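I opened the model to look up its charged side chains. These are my notes.

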Amino acid sequence: MTALSPHTNQSFLETKEVTEIGRLDRLSFFHLELSKRVYRLQIRRDIQRRWSPYWGSQWFILHRALAEFSISASACLFRRYFRHTAIPDEFFFPTLAMNSEFRTQIIPKNLRYVDWPLDSTGQLEHYPRTLDASDLPKIFATRDIFFARKFADESSLDELDRRRNAD
């Protein structure tokens, strides 16, 4: 039996309601990517007329039915909307899942260990802290962790493998 066996028909996906104006603006304006730069066009659109917006990590584990639904004809309009969204990978799957029949099958965590440091104002930094061997006790003490990011070097990964295989 694998660790995911008890979770038949469920997806592990962070889903948080979009409440901050800055995040909502990423959904409410058309964005266009040209030459590796994203431009916000002054053309408004209202996602809330059709869907309740959600966001979360771009790392997740989807059940096959939700993955198939995401590429189905039924989700075509949804995919088209998110084509012109800034950083759509944080919004697409959480919003799709929570506005579909799959919302009851979501476990709102992504099974990853990520250490997001806080800046001097108490806000999350934009990038996760780089992990090293000193983080391994915290990682092993955290239940339901399948992945961790991001590691400083190969020696930390080697130590992770050694400890995991010893258990």
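My entries cover salt bridges, then a charged patch.

I am working on a predicted model, so local features need pLDDT of at least 70 and side-chain atom pairs count only at pLDDT 80 or more, while totals for chains, interfaces and linings use all residues. Residues are numbered from 1 along each chain as its sequence is written, and side-chain values use heavy atoms, with hydrogens and water left out.

I looked up salt bridges (a side-chain nitrogen of Lys or Arg within 4 Å of a carboxyl oxygen of Asp or Glu). The structure holds 10.

I checked E14 and K16. Their side chains form a salt bridge at 3.7 Å, N to O. K16 is partly exposed at 35% relative accessibility. My classes are buried under 20% relative accessible area, exposed over 50%, and partly exposed in between (1.4 Å probe, protein chains only).

Next I took R64 and E68. Their closest N and O atoms are 2.9 Å apart in a salt bridge. Both sit in helix 2 (residues 64-70), 4 residues apart, about one turn of the helix. Helices here are DSSP runs (H or I, at least four residues), as are strands (E, at least two), numbered from the N terminus. R64 is exposed at 62%; E68 is partly exposed at 41%.

I then found D115 bridged to R129 at 2.8 Å, N to O. Both lie in the loop between strand 7 (112-114) and helix 5 (136-141), so the pair ties together parts 14 residues apart in sequence. A salt-bridge network links D115, R129, D135 and K138.

Last, I noted R50. R50 is exposed at 51% relative accessibility and lies in the loop between strand 4 (37-44) and strand 5 (54-55).
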